[in-house]
Amino acid sequence: MLRRGYRQTRCRCTAKFVVKWCLRRKKYFVCEFVTLHNHDLCRPNEVHFLRSHRKVEDHDLAQVQSLNEVQVPISRAYEFLSYQEGGYNNMRFTLKDLYNKLGRKNITDNAEGDAQTAVRSLRARSARETEFFFEHTVDTEGRLKNMFWRDHQSLLDYTAYGDVLIIDSTYKTNRYRQPLVLFVGCNNHRATTVFGFALVGDEKEETYDWVFNMFLVSMKYKKPMSVITDGDEAIKSVLERLMPKARHRLCPWHIGRNIGQNLNNVEAIKCFSKFIYASLTVPEWEAQWREAVEMHQMKNNEWVTALYKKRTRWAESFFRGSFYGGMCSTQRCEGMNCQFKKRLDPSTTVSAVYGRLEWKQRRIRDRAQLDNFKVRNSTPVFDTHMRKLEVEACKTFSHDIFIMIKSQINFGDRFVVHQRFSFPNADAIVFYV
């Protein structure tokens with residue numbers, strides 16, 4: 001049975017040109033030449049469509065794969081090759097030929113299985129690099145379930161900048177719909193740095209328990225001071241057990257979005273959203289919350305009650321004295337997710353996920369090297385009334401941190417001191433301005 005859309009191209013044409021090898025003369029000779037065709041001949045501008053004229057060379061395939069690795073779609077890469085050749089008429093293959101060749105190569109490369117190919121690649125790198133860490137688990141049927149990996153530079157970055165850890169997961173990054181878990185932080189240039197990756201089979205508590213255990217093992221059991229997540233209860237339970245001393249904070253952006261989704265009254269949404277970043281003492285925050293609940297008649301609202309019970313994990317007033325390095329949300333992870341999804345899609349294989357994340361991570365680190373280069377080869381302008389403080393701050397911190405300090409110096413210059421008081425039990429002085 002012929003497949004739908006199949007087109008017959010054979011017409012039993014007798015035209016032929018036969019060449020044979022003469023053993024006695026050691027030459028080729030034409031033994032038969034029939035010029036009569038039973039069909040119309042191909043037009044000159046259609047010759048490149050003939051099967052005999054179509055072949056995807058290895059160098060063409062390599063160029064397309066390289067372009068695809070930097071987010072150029074296959075169809076766009078084909079257009080680029082046609083531009084190089086001077087037009088589509090000069091191409092030696094069609095777009096469908098290219099897709100077929102890529103498909104056959106993928107089958108060959110993943111002959112032992114997609115997951116097994118990824119595991120083999122990561123194990124090989126672990127054998128080459130002493131500090132490269134990789135672990136995985138399989139389910140009852142022997143299929144890949146979870147995998148975690150991080151390289152040597154991630155270990156160094158976490159050792160230096162791992163006081164604050166942001167954890168987030170994203171979806172639609174591979175053909176098996178496995179969530180991608182990111183471990184992210186911030187370096188001394190206030191730029192995002194990646195500490196590790198994990199592909200998980202589900203988002204159950206036991207899965208996160210394994211992932212976080214592997215993270216701590218890979219990082220020599222160094223635990224962060226503070227952790228920011230998007231509010232997953234399974235993550236919360238695991239963090240309380242494995243990192244009991246870490247201050248856990250929920251992403252305020254997600255809290256604000258949930259307020260908008262769960263409250264119908266516009267005024268109530270505005271009122272309760274203010275409690276996220278309100279600059280209040282804890283007693284003041286509690287008093288104003290009670291007033292807001294009474295005002296908008298939310299006393300019996302189960303969602304508002306549940307939100308109040310989690311107040312110590314999302315309201316700014318409860319985080320005085322906690323260190324978060326200038327971060328308060330998972331937006332760094334969200335930004336990373338956005339960048340990664342430009343290279344990943346629901347059709348991406350597991351082996352390709354590892355390779356594309358690796359290239360993206362190299363881009364991030366190249367940017368960090370550029371920041372270090374600028375620090376060593378340039379000097380900020382000192383133009384405030386506290387020049388000596390600026391000079392010392394520039395020597396101590398990176399330029400990005402120096403800009404923050406300088407903005408505070410300029411901000412403080414706007415105030416005038418009119419009264420001062422001695423601070424009890426200390427030699428310091430508090431100025432009321």
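1. Let's start with two helices: α1 (residues 58-69) and α3 (residues 95-109) pack at an angle of about 85 degrees, their axes 11 Å apart. Helices here are DSSP runs (H or I, at least four residues), numbered from the N terminus, and axes are lines fitted to C-alpha atoms over the stretch in contact, with angles running from 0 to 180 degrees between N-to-C directions. The two helices are therefore roughly perpendicular (65 to 115 degrees).

2. Please keep in mind that this is a predicted model, in which local features need pLDDT of at least 70 and side-chain atom pairs count only at pLDDT 80 or more, while totals for chains, interfaces and linings use all residues. Residues are numbered from 1 along each chain as its sequence is written, and side-chain values use heavy atoms, leaving out hydrogens and water.

3. Now look at α9 (residues 266-277), where A268, C271, F272, F275 and I276 are buried (under 20% relative accessible area, with exposed meaning over 50%, using a 1.4 Å probe and protein chains only). These buried residues fall within an arc of 165 degrees seen down the axis, so they line one face of α9; the arc is taken from the directions from the helix axis to the C-beta atoms. V266, K270 and K274, on the other side of α9, are exposed.

4. Finally, find F318 in the loop between α11 (302-309) and α12 (331-341). With 15% relative accessibility, F318 counts as buried. Neighbours within four places in sequence aside, F318 is in contact (heavy atoms within 4.5 Å) with R247, V282, W285, E286, R311 and T312.

How values were computed. Angles under 35 degrees count as roughly parallel, over 145 as roughly antiparallel, 65 to 115 as roughly perpendicular and the rest as oblique.
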